[in-house]
Amino acid sequence: MADSTRTQRTPVLVDGKALSARTWSILSGIGLEVYVVLALGIVALVAHGFNMFNYPAYTLLDDEGIYTGQAWAVLTQHRLAPFTFIYETPPVGWIILAAWMGLTGGLHTFGGSIDSGRVLMLILHLGMIPMVYGIARKLGCNVAAAACATLLFSLSPLALFYQRFVLVDTVMLFLALLSLDLLLDGWGRLSRVVFSGVCFGLAILSKESAVALLPGMVFIAIQQRWRHQGRFAFIGWVTPMLVVVSLYPMYAFLKGELFPTFDVPLGNLSPTRVSLMNTLFWEYLREGGGLLNYSNQFWELVRNDWFKRDALLLAGGAVAALINLRRGISSRQAMAVALLSIGPLLYLARGGMVLNYQILLAIPFLCLSLAAVFSVVLEKLPKPAMVASTLTVVVAIGLGYWSSGNLQPLFSEYPVVAGRTSTAWIKENISPESRIITRDDMWTDLRAEGMDGPAFPYVYTHWKVSSDPAVRDDVFKQDWHNVDYLITSPNIEKEFIASKNTVALEALKNAHLVKQWKSEPGTQGLHNQQIVELWKVDKVGVTETETLKNSGKYIENNFSQQGAFASSDGSVTALSQSNALLRAVWSNDRAGFNRTWAWTKQNLQNPQGLLYWLRQNDIITDAHTATHADNNTALALLLGSKLWNDPELAAAGTRMVKAIWNTEVLTIKGKPYQVAGDWAATGQGQILAINPSYFAPYAFRIFKDVDPTHNWQAVIDAGYDLLFNASKAPLGYTLSAGLPPDWIGLNRYTGELSALQLTDKTDTTRYGFDAPRVYFNIALDLRWSGDGRAKTYLQQAGFLKDEVGRLLQDGVTRKGLVSAIYKHDGSVVIEQPNLVGSAGAMAALLTLDPGAANTIYSSQVIGQVGHNSKGLYFGDQQDLIAQEWGWFATGLYANRLTDFWHNTTGVQPVKTGIESQGGRK
Amino acid sequence: MSISDLALAGGSLLLTAQSAYSASLMLYAWQGEDQHIRSRAPETFEPPELSFTILLPARHEEAVIQDTIQRVVDLDYPHELVQVLIVIEAGDSGTIEKVNQKLAYLAARGITHARLLTFADPPINKPHGLNVGLQEATGNVVTIFDAEDEPHPNILKMVNTLMTREHAPVVQSGVQLMNYSDRWFSALNVLEYFFWFKSRMHYHSAIGMVPLGGNTVFVERDLLRKMGGWDQQCLTEDADIGIRLSNQNVPIRVVYDDEYVTREETPPTVNQFIKQRTRWNQGFLQVLGKGDWLKLPSIPQRLLALYTLCSPLIQAVLTIYPLISLWMLFFVKLPTPLAVLTMLPLYMLVIQLVISLVGLYEFTSAHGLKPSLFSPIRLLFSFLPYQGLLGYAALRAVFRQLRGMNSWEKTVHIGAHRTTELTKDVSTALPPVIHISKVDEEVVRG
């Protein structure tokens with residue numbers, strides 16, 4: 001080596017002639033090549049940049065999320081990874097990504113954290129344009145061939161698709177190409193050789209697959225020695241490269257994580273300790289079949305992915321590489337190109353684990369190989385033919401790509417929508433205190449504060465839950481009960497099973513879908529339809545606490561004025577006031593209770609102590625009473641009196657109970673029935689109006705304590721009888737679906753039930769906006785009293801169970817909800833569900849079918865929440881009733897509707913809806 | 001991060017940066033083709049035009065002085081354009097006697113352009129001797145050779161060519177220790193010269209701040225006289241005059257052609273080596289203290305002067321630092337990134353070792369030598385002890401300078417080794433003016 005060095009004045013690969021091809025001269029000089037490179041840069045900018053935030057979907061590849069997450073850890077935690085770093089990939093790539101994020105003002109300057117990374121990828125790609133061009137020129141290609149290589153590098157659908165992803169492979173390529181460009185410097189500066197070595201070392205530390213380029217690089221480093229550099233030429237490249245690379249094992253050594261742990265056979269990862277060498281052996285000893293095994297992952301990807309995206313680059317490049325290898329016998333430039341191209345292909349084909357995006361490593365060198373061959377062909381043509389041939393080839397390739405249809409989706413589709421909207425929704429609506437198992441791609445944006453949402457400190461990727469003891473054992477304690485939500489995509493269960501992720505698997509089995517987001521399916525079948533799902537684990541936790549708190553806040557902020565809860569038309573009903581009083585008791589909000597009660601007492605109470613139904617614009621517009629409002633108010637007063645030990649409230653409640661009996665209870669054939677209001681009791685007709693959803697046995701059990709002079713137990717018994725009968729009676733239909741009707745008529749003389757005729761002639765027998773409250777009331781009674789009738793009644797809600805499980809027209813999807821209104825025979829009147837209906841169905845099914853109840857709760861209660869500055873709302877922001885029933889449903893599910901009358905120990909311990917289904921005996 | 005962590009990180013980065021800079025200076029000659037071409041001697045010579053005065057300062061050099069005189073008068077240049085002045089302290093009767101014998105011998109053969117000058121007034125040191133010689137110099141250009149030097153026969157032709165072609169007022173030609181395999185530390189000592197004269201000097205020349213070498217330096221006589229000659233108080237008068245010349249923006253041409261280097265030998269013992277190195281280090285610290293470098297015209301010149309003159313201090317720190325970082329590595333729990341940072345200076349040490357190993361082959365190849373298989377192994381094992389020696393000498397120099405111990409340390413010369421260590425006693429030195437009293441001048445003519 002020494003002698004040959006000293007005899008050659010200039011190196012073999014790049015000589016004086018090539019000086020004109022130096023990037024430096026391109027940038028600083030004038031002439032055609034400046035414009036060529038500028039034009040190529042503009043093409044690259046448009047091709048790579050246009051629609052790059054939307055395509056490809058970042059939900060397509062875990063790795064984007066992994067690298068941005070690790071960059072986030074570098075930036076904010078000054079660690080190499082947010083969880084235990086296991087040396088899977090060396091860290092320089094995401095350290096550079098972190099630096100980029102730091103310099104550009106954080107993770108979310110360009111949208112999501114992955115968007116920020118994609119901007120960096122664009123910049124790196126643009127940086128590689130002059131390098132690919134310059135390298136092609138320095139390795140003997142003419143201007144036309146070099147330009148074609150660069151164009152291919154920017155326009156190949158295969159290159160474009162994978163280069164847009166945030167991958168450390170692209171960082172590695174940038175550094176490797178920079179190293180190559182410097183090494184091929186036409187001046188022979190030793191400092192550039194050294195810098196080239198440093199860059200290549202950094203390339204290996206960005207992605208270890210860069211070692212595949214080593215044979216080519218070493219060949220060039222040896223061939224490219226200059227006489228004046230003496231023995232320092234090659235050494236000056238190798239030493240800095242090795243020094244930089246050695247920092248990685250040095251880091252591991254200093255952490256005590258270099259050597260194999262020996263607690264597992266070589267090629268396996270230790271379950272308890274991290275070791276760089278273990279990881280390396282694990283990665284490179286994986287079974288995969290070898291180059292000639294056509295079923296290995298490499299050939300699989302060639303057939304099913306890479307070839308489909310760009311057969312020209314892959315097949316043409318490989319053939320060109322072989323031609324260059326043959327030419328390399330007489331041309332060292334051709335040999336250099338051949339080695340650089342074949343190295344990556346052999347590396348990928350070696351067997352073992354190959355991922356689809358790893359083709360990135362080969363792409364620029366396949367372009368170079370093609371260009372080298374094309375250049376030779378062009379050189380043999382006369383000049384006019386050269387130009388014509390070049391133009392023909394460029395146009396033909398362009399048309400070929402376009403007609404293959406692989407290019408258009410890159411610019412016109414938006415598969416990112418599912419990931420983007422789901423992240424935004426979760427950030428807005430899920431409690432940040434929740435423990436979430438997520439996909440990698442969404443981890444960073446959830447974990448970091450920003451994007452108009454808080455940080456979720458307890459969000460973990462499912463890989464870490466399966467493999468990192470610090471997460472699996474310390475955080476989740478190997479128990480699915482410690483999970484609140486899962487963010488998944490279809491078929492993720494397979495990954496859970498493959499990684500033996502029992503925590504995630506069990507959690508998913510015990511979870512129900514809250515929401516699903518879908519992107520439009522791709523038109524070209526180049527990737528699967530992107531679907532993101534949010535699953536809530538069936539247990540009470542932080543979600544319920546936060547939901548109750550923030551929903552209460554919203555109702556207070558949006559509907560309350562000095563204790564009056566007005567709906568959007570300004571009307572205040574006795575019911576909204578009574579509901580507010582109950583919420584205040586169950587939330588232990590004494591001030592809110594006092595405010596509401598003071599207003600109610602002053603503005604709605606009639607001389608008997610009951611409440612006028614409606615007040616509008618400071619005028620009582622309906623002076624009748626409504627029994628359920630009076631029941632609720634009396635209950636709230638009595639519960640409050642116990643909770644806050646307030647005899648005044650007890651007195652007020654007692655007075656009201658007595659007034660209810662006197663005004664709203666009628667005895668028919670020896671049984672006391674509670675009718676719908678004072679108007680129903682005083683009407684002269686023979687049919688009494690009864691609303692089954694006013695029946696509040698849980699309250700009557702307290703009323704009988706404060707009003708022992710009346711037989712409230714008989715009211716409970718009569719009410720239950722009526723309920724069973726009304727639900728069973730066909731009421732004019734050929735059969736009953738078993739649902740309670742909104743209204744029922746009771747013959748005051750015979751005690752017979754019939755469909756109630758109201759003046760507006762609506763069908764009062766339907767299961768509409770009132771009747772679902774029956775199930776809520778009965779479920780609460782079961783919870784508080786354990787009355788067997790309650791349980792029996794709830795178990796008759798088979799119709800609702802069937803509705804939830806009913807197969808839709810596609811024969812696959814289940815309905816998963818109950819509709820808003822049904823006729824008494826069960827036919828649907830209004831399909832679209834509402835909160836009252838969902839709350840009622842959930843209440844019914846908590847006993848009959850907890851799974852179905854959780855389906856409804858997850859998707860129709862939690863899945864309907866939204867947030868704004870006033871708090872959390874359900875469904876329609878302006879619908880007070882929806883807010884009330886969202887709150888009550890959550891309260892019932894979380895068992896936060898406490899019977900303070902009988903249980904004076906204050907707030908009850910938390911029980912899940914499922915656990916407490918049997919109720920308190 | 002605590003303050004001690006920050007200090008450790010800062011210190012490591014600073015030391016790493018200095019090591020990287022130092023490595024880049026070592027490799028400057030190999031950096032580009034222009035540096036390579038510029039450092040070589042001209043391939044053709046101009047006709048002799050300049051006249052030279054060769055100063056041969058000597059003290060107790062009985063063993064080698066006659067050979068040296070012979071080599072100097074044998075230089076291939078017209079004798080009428082060469083004046084050789086052997087300058088010796090009057091009390092050194094042994095050397096004087098040998099010189100007189102040699103001059104008589106030469107005179108008998110018609111060679112008369114060599115003379116002996118002696119001086120008796122203090123300080124008895126090399127710069128004093130040089131100043132005495134400068135007074136008597138008649139040549140256009142004054143140069144210095146030491147008593148054990150082996151200058152190339154064509155050195156004057158080469159310098160004549162450079163000075164006339166390029167109008168260079170000052171030329172520093174390479175000096176090279178040659179006996180790389182004599183002692184365990186020889187190879188590294190040889191390589192220090194190799195990298196200094198072949199590489200780093202060119203960088204200094206390019207910046208315009210050159211601490212000149214002790215010999216084979218050629219300066220226009222009138223320029224030297226205008227500068228006031230050498231500083232008789234200074235332990236490294238050569239570096240000092242270089243900086244003073246740079247102060248005046250005098251361009252200094254450096255040439256290191258492997259063929260034309262003046263050959264010298266390494267000190268014979270570790271003791272000698274340490275004393276020599278201590279004196280150089282202390283000399284640099286003296287020059288630093290004098291502050292002439294502050295008058296350098298540009299900031300890069302001043303920074304380079306500061307860096308160069310501070311090298312004993314840096315070396316002292318470099319000696320202590322690896323011990324600290326190794327200790328911290330094993331006994332203090334550091335955050336891993338910080339631990340990696342503290343390792344960087346050790347990394348740079350490895351890089352210096354690699355450069356030295358490659359340099360060994362560059363050196364032997366340049367001089368037509370064939371290193372044995374053991375040479376690199378020897379170098380490998382001697383590398384750290386040698387750094388220890390350098391560090392010890394640096395610490396010793398700093399210590400002596402702080403204590404004001406500027407006296408010459410008497411060393412024993414055993415033959416063909418460097419003899420610039422003229423006995424000095426600058427504690428009683430006079431102000432830095434040329435001492436012109438000529439005592440016991442003897443002119444011997446055949």
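The model is predicted, with local features needing pLDDT of at least 70 and side-chain atom pairs counting only at pLDDT 80 or more, while totals for chains, interfaces and linings use all residues. Residues are numbered from 1 along each chain as its sequence is written, chains are lettered from A in the order in which they are written, and side-chain values use heavy atoms, leaving out hydrogens and water.

I begin within chain A. Its domain assignment lists domain 1 (2–258 + 272–288 + 384–412), domain 2 (417–537) and domain 3 (544–893); such bounds come from an automatic or database assignment. Taken over C-alpha atoms, the centres of domain 1 and domain 2 of chain A are 32 Å apart. Contact, meaning heavy atoms within 4.5 Å, involves 29 residues from domain 1 of chain A and 27 residues from domain 2 of chain A.

These two domains of chain A bury about 2,300 Å² between them, with 56% of it on carbon and sulfur atoms. Buried area here is the accessible area (1.4 Å probe) that two parts lose on being put together, summed over both. On the domain 1 side, Y58(A), T59(A) and F83(A) lose the most area to domain 2 of chain A, together 30% of what that side buries.

Which residues form a salt bridge with the closest N and O atoms 2.8 Å apart in chain A? They are D115(A) and R420(A). The term requires a side-chain nitrogen of Lys or Arg within 4 Å of a carboxyl oxygen of Asp or Glu. Between domain 1 and domain 2 of chain A, the count is one salt bridge.

I turn now to the interface of the two chains. Here 27 residues of chain B are in contact with 21 residues of chain A. Chain B and chain A bury about 2,300 Å² between them, 65% of it on carbon and sulfur atoms. Q31(B), E33(B) and Y347(B) supply 28% of the area that chain B buries against chain A, more than any other three residues.

Across this interface of chain B and chain A there is one salt bridge. The side chains of R231(A) and E362(B) meet in a salt bridge, at 2.8 Å from N to O. Helices are DSSP runs (H or I, at least four residues), numbered from the N terminus. On the side of chain B that touches chain A, α2 (33–39) and α13 (336–366) of chain B each supply at least two residues, and α13(B) gives the most, with 15 residues.
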